[in-house]
Amino acid sequence: MRLKIYGTGSALPAKKVSNDLLSEYMDTSDEWIRSRTGIVNRRLAMEETTSSLAVEAGRKALEDAKAAPEEVEIVIVATFTPDCSLPSTACIVQDQLGLTHAVAFDLNAACSGFLFALNTVQAYFSAGVYRTALVIGAENISKVVDWKDRGTCVLFGDGAGAALCRAEDGAACNFVQKSDGSGGAVLSLKERPIAHLFRECDEKPGKMYMNGQEVFKFAVRKVPECIHEVLDLAYLKPEEVDWYLLHQANKRIISSVAKRLGIPEEKFPTNLEEYGNTSAASIPILLDEVNRKGMLKEGDILVLSGFGAGLTWGACLLEW
Ligand code: COA
């Protein structure tokens, strides 16, 4: 049994923040951000939360797939920015969407989270445990970035994307997923200082830290490598793929991957210009956009690939 996506959805906060607006609050410029990353705008959650965005994206994916809430047997939310530690965002989604027969849990693999969640679902499908799944990537990153660190805060945005998946005979589906904990220090978020009955602490919760250049080097090396690996599993060549949907972190990373694969950039749609890096939400938001624009035909071969903190990275090859 293989995973096939039947419907997609996405949700974005209403507040649009341009590079120019950011430059009124910090020492940066539209030219700097645009030339180094390709990002022009991002959405920042004001009233929205990770769970409200996840619920909206999930509802749209159910509608797009014409799936009844009771049909869903598992819901996984990939996020590193849940509203709260308990309950999980997935349990909030399960309740609010009336997914009465679904088991629900969150998964944290940072920006690779949506891919890791899809692979988890694929494993359940292969084992015959479940047949219908809702996979969501949802983030509220604006609440954890350090707004005094201009090299990092300008890159991120908030949002959610979702896919309704069903187990099906025959459809192509391959995964490669990787982790290297020894690289954890290049992108970290130590939110909770240790404080308890026997240890007083007046430290404030930590903010996100990133060594941008190290992340850049890691991404341009590992993404093409794992795409080649997933193509080998499917006995396909790079040119046989119809669409490459990559994690939307940086236009220069995407251009470098296209070049290394020898594939024209037209096969790499982007939306980071409008939303910045939305971590686990970036691939499903992009997938929803290309789906709703009617760019995907039945039988198209899609490669989804991403990278992020952990370090984590991976690729997924799907038949649409
Ligand atoms: N506006 C203006 N100047 C800025 C700036 C900003 N927002 N942020 C940093 N700068 C300055 C730096 O202070 C530095 O100045 P200096 O030379 O006087 O010290 C200069 O710009 C160059 O900084 P540098 O870090 O060398 O830039 P870069 O070309 O490496 O680009 C990133 C920085 C973050 C855009 C780039 O490294 C990157 O995109 N990395 C990948 C990050 C990523 O994808 N993260 C998500 C992982 S899921």
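At roughly what angle do the axes of helix α3 and helix α4 cross? The views below are of a predicted model.

**View 1. The crossing of helices α3 and α4.** The axes of α3 (residues 50-65) and α4 (residues 89-96) cross at roughly 50 degrees and come within 9 Å. This angle makes α3 oblique to α4. The contact involves Thr50, Ser51, Ala54, Val55 and Arg59 of α3, together with Thr89, Ile92, Val93 and Gln96 of α4. Sorted by class, the contact has 4 nonpolar, 4 polar and 1 charged residues. The crossing of α3 past α4 is right-handed.

**View 2. The packing of helices α7 and α8.** Helix α7 spans residues 212-233 and helix α8 residues 251-261; they pack at an angle of about 40 degrees, and their axes are 9 Å apart. The two helices are therefore oblique to each other, and their crossing is right-handed. On the α7 side, the contact is made by Phe216, Ala219, Val220, Arg221, Val223, Pro224, Ile227 and His228. On the α8 side, Arg252, Ile253, Ser256, Val257, Arg260 and Leu261 take part. By class, this contact of α7 with α8 has 9 nonpolar, 2 polar and 3 charged residues.

**View 3. Strand β4 and its partner β5.** Strand β5 (residues 103-107) runs parallel to β4 and is joined to it by 5 bridges. In this pairing, Val75 stands opposite Ala104 of β5.

**View 4. An open sheet of 4 strands.** The strand order is β8-β13-β12-β11, and the pairing is mixed. Strands β8 (173-179) and β11 (243-246) are the edge strands, each pairing on one side only. On average, neighbouring strands of the sheet are turned by 10 degrees against each other, with direction ignored.

**View 5. Strand β11, strand β12 and helix α5 at the sheet.** Strand β11 and strand β12 (residues 301-308) run parallel and are joined by 4 bridges. Leu246 stands opposite Ser305 in β12. Helix α5 (residues 113-126) packs on the sheet and touches β8, β12 and β13 (312-319). The direction of α5 makes about 125 degrees with that of β8.

Terms used. Residues are numbered from 1 along each chain as its sequence is written. This is a predicted model: local features need pLDDT of at least 70, side-chain atom pairs count only at pLDDT 80 or more; totals for chains, interfaces and linings use all residues. Side-chain values use heavy atoms; hydrogens and water are left out. Axes are lines fitted to C-alpha atoms, for helices over the stretch in contact, and angles run from 0 to 180 degrees between N-to-C directions. Angles under 35 degrees count as roughly parallel, over 145 as roughly antiparallel, 65 to 115 as roughly perpendicular and the rest as oblique. A crossing is left-handed if the near helix is turned anticlockwise from the far one by less than a right angle, and right-handed if clockwise. Contact means heavy atoms within 4.5 Å. Ala, Val, Leu, Ile, Met, Phe, Trp, Tyr, Cys and Pro count as nonpolar, Asp, Glu, Lys and Arg as charged, and the others, Gly among them, as polar. Two strands pair if DSSP finds at least two bridges between them.
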